[in-house]
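Here is a short report on one protein model.

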Amino acid sequence: MFWIPIDRKRDIPFVRQIYIQIRTQILRGDLPAGERLPSTRQLSNELQVSRNVILEAYEQLIAEGYIEARQGSGTYVAEGTYLQQVHNVKCDTGFQDDASTGAEKDMINFRSGIPDLRLFPRKTWAKLSYDVCHDISHNILSYGNPEGRPELRHALSRYLVKSRGVHCQPHQLVITSGATQALTLVAKLVLSAGDKVILEDPITNDIQTIFSSPGSLLHPIPVDEYGMRTELIAPDINPKCIFVTPSHQFPLGSTLPIQRRIQLIQYARATGCYIVEDDYDSEFRYEGSPISSLQGLDPDHVIYIGSFSKILSPALRLGYLILPPRLIEQCRKLKWFSDLHTPSLEQIILGRFIEEGYLERHILKMKKVYKKRRDHLVDILINHFSHEVRVFGHSTGLHLIAEFKDKIFTEELLKKILHAGVHVYPVEDHTIQKGKHQNRIILGYGHLCEEDIEEGIRRLNMCLS
């Protein structure tokens, strides 16, 4: 007889509990090869469970090779089933996500790029979801094309021509699972080991990682209040691509003027490289209309990237690429081998959301909300820090830059601020050439109410005083 503890209060079926117990004893050698197991009738009596439960557990163990039934003799542990235990990993069933702890709940997080998800148009999205699920053919539930659903690509092309000055046809679009996948596809599409990439400095670490992953070499170009300093691009670099965020540079928030856009295009034409335009935060421009896209000036040399993470919700995982014609087919192949295609139902829902005018109305509504929060944040910063702070990069988007006089955001100071219940993000973390932005922090405000903004800056002031 061997001991098999059964917990009758657990929601794990008896079959599974018995199977796991016998399997574990065999793997660690407590039941050695050749050991005869109790009959199913005997074990069912000992454990006070149905014999069918024991039969099912034994059948599973036989199917996986742990035990073997010998006709007229019984059931035995099979040869070769002992596995030496190197370590014992325990599953902590009491694990609690950090976000649910009291300390995290009290944290005021000035993370950039987060929309106010409380204002996501749930009712409209739910209605469209219901309609789509009832209207579509069952064929749409099968595998789709890597470039995405035609409904969304047609709706997007029309919307982008009107709102962003993009020049494209639906066949030039590839729907992706967010901007990160779009950027990864571009890196695979145009880069190989040893190739050179020109990019802005500072720029998010994710971009640096994605564009250096093929073994390519990064050539950082400094950013000022007007974006990438195109006059500093050496004529002999001969890059494969140039990465820019011209509408609202991340993190400094500058907008690239037409003169520098033209310089980039002329450089791309002369060297035969591509410009990768990440149209980051472009919709939420608070002074005038959104800046027209760089892609609209030269569709043959610009790869355009957009997503709906900032406009609607990061959880949708919907983005897109607009490609020059010669790159379309190869990008579709890369997308196919990446994940076959982006989920179809969400694409169709978003297509209807755009076509029926809901997207434009949502953007208009959110611009008013975000502008009010931005203005409040600027006012609070000036009230607390007066001439000690310079605010810039706030004409567009969901974040701004605060530059502090005679302050260096060291690791110790950042820990002090975090301990006070405020999370801020130093620009220096995103730099390639270090030491030039140590007195600047990124303050995201899209997801924060005015009370949280005010309290967060009050706590920050206490730490910097």
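A pocket is an open set of points on a 1 Å grid over the protein atoms alone, with protein on both sides within 12 Å along at least five of seven lines. A cavity is a set of points where a 1.4 Å probe fits but cannot get out. Lining residues have an atom within 4 Å of a point. Grid points are joined across faces, edges and corners, and a volume is the space filled by probe spheres set on the points.

The model is predicted: local features need pLDDT of at least 70, side-chain atom pairs count only at pLDDT 80 or more, and totals for chains, interfaces and linings use all residues. Residues are numbered from 1 along each chain as its sequence is written, and side-chain values use heavy atoms, without hydrogens and water.

**Pocket and cavity**

The largest pocket holds about 850 Å³ of space. Its lining has 35 residues; Gly 113, Thr 204, Asp 206, Tyr 280 and Lys 310 lie nearest the centre. Helices (H or I, at least four residues) and strands (E, at least two) are DSSP runs, numbered from the N terminus. Strand β11 (302-307) gives the largest share of this lining, 4 residues. Helices α7 (179-190) and α8, like β11, each supply at least two residues.

The search of the whole structure finds 1 cavity of 30 Å³ or more. About 30 Å³ of space lies in the largest cavity. Among its lining residues are Glu 200, Gly 227, Met 228 and Val 244.

The table sorts both linings by class.

**Strands**

Two strands pair if DSSP finds at least two bridges between them. Strands β6 (residues 196-201) and β7 (residues 217-224) run parallel, joined by 6 bridges. Between them the chain passes through helix α8 (residues 205-212), and this β-α-β crossover is right-handed. That means that, with the strands pointing away from the viewer, the path from the first strand over the helix to the second runs clockwise. Glu 200 stands opposite Ile 221 in β7.

Strand β8 (residues 227-228) pairs with β7 in the antiparallel sense, over 2 bridges. The two form a hairpin with 2 residues between them. Here Asp 224 stands opposite Gly 227 in β8.

**Loops**

Pro 202 sits in the loop between β6 and α8. The bond from Phe 250 to Pro 251 is also cis, with omega near 10 degrees. Pro 251 is in the loop between β9 (241-244) and α9 (258-271).

Asn 238 is not a glycine, yet its phi is positive, about 55 degrees. Asn 238 lies in the loop between β8 and β9. Its relative accessibility is 52%, which counts as exposed (over 50%; buried is under 20%, partly exposed in between, with a 1.4 Å probe and protein chains only).

**Cysteines**

A disulfide is a pair of cysteine sulfur atoms within 2.5 Å. The count here is 0 disulfides. For Cys 273, the nearest cysteine sulfur is that of Cys 241, 7.5 Å away. Cys 273 is buried, with a relative accessible area of 1%.
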